[in-house]
Amino acid sequence: MTATPPTIPTAFFPPGTFPERVDGLVSGWYGKHLTAMGEPSLWAASARGETAYRFLWLRTWGRPLSVRVTRDGKRAHLAATRLTGDGGYDPGKVDVHRERDLTESEWQGLESAIAAASFDTIETQAEMGHDGAQWIIERSKDAHYRLVERWSPQTTGKHVTFRRACEVFLDLAGRDLVTGDVY
C-alpha cells in the first residue's frame with residue numbers, strides 16, 4: 001500500500017532547501033501554490049523511490065502553472081495544472097488540469113534537456129530579483145530529491161539551458177496553458 005504524500009506546504013521540501021532566504025517563507029509560498037494545485041510532494045516521492053520531475057512556474061503577475069512528469073516502468077505520464085491567481089500572491093483555484101501519457105521520445109527529450117542544463121551539478125539557487133518569476137524544477141529519482149530554481153532566466157546568457165529545460169515542460173503540456181508574458 002502506498003502512503004498518501006503529505007499536502008501541508010512545509011512537507012513539499014526538505015528543511016534547508018532554501019538556505020539563502022527565509023526557508024519557511026519560501027517553502028510556504030511555493031507550497032501554498034502546489035497545495036492549491038493538488039500536487040504531491042516530490043520529496044516524499046523520492047523516499048518511495050519514485051521517478052518524477054516537476055516544473056513550477058510562479059510569475060508575480062501571471063497564472064501559476066505546474067507540469068509534472070512521472071515514470072513508472074516504461075510508462076511516462078504528464079499532469080499539468082494552471083491556477084486562476086497570481087504566482088506572487090494568492091494562488092486562486094484550479095483553472096485547467098490536463099493529463100496524458102508521453103511517448104518514449106518525449107520522455108527522452110525531457111531527460112536530455114534536464115541533462116543539458118547540468119541539473120545535477122548547477123547551484124540550486126542563483127541571483128534573485130524583485131517581481132519577475134520563479135522557474136523551479138524538482139526531481140525525484142533513484143531515491144534522491146533535488147530542486148533547482150532560477151529567477152526570470154533569460155533566453156540568452158548563463159541560465160539559457162535551464163530555461164530551455166523548463167520550456168520543454170511547457171511544450172509537452174501545451175503552450176496554450178501559457179497566458180500573458182513569458183518572463
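A salt bridge is counted here where a side-chain nitrogen of Lys or Arg lies within 4 Å of a carboxyl oxygen of Asp or Glu, and by this rule the structure holds 14 salt bridges. The model is a predicted one, in which local features need pLDDT of at least 70 and side-chain atom pairs count only at pLDDT 80 or more, while totals for chains, interfaces and linings use all residues. Residues are numbered from 1 along each chain as its sequence is written, and side-chain values use heavy atoms, with hydrogens and water left out.

One of these pairs is formed by Arg71 and Glu104, whose closest N and O atoms are 3.0 Å apart. The pair links distant parts of the chain, 33 residues apart, since Arg71 belongs to strand 2 (residues 65-72) and Glu104 to helix 3 (residues 104-116); helices (H or I, at least four residues) and strands (E, at least two) are DSSP runs, numbered from the N terminus. Arg71 is buried, at a relative accessible area of 18%, whereas Glu104 is partly exposed at 39%; buried means under 20% relative accessible area, exposed over 50%, and partly exposed in between (1.4 Å probe, protein chains only).

Asp95 forms a salt bridge with Arg82, with 2.5 Å between the closest N and O atoms. Because Asp95 lies in strand 4 (residues 94-102) and Arg82 in strand 3 (residues 75-83), the pair ties together parts that are 13 residues apart in sequence. Asp95 is partly exposed, at 33% relative accessibility, while Arg82 is buried at 8%.

Beyond such pairs, Glu39, Arg54, Arg68 and Glu138 are linked in a network of salt bridges.
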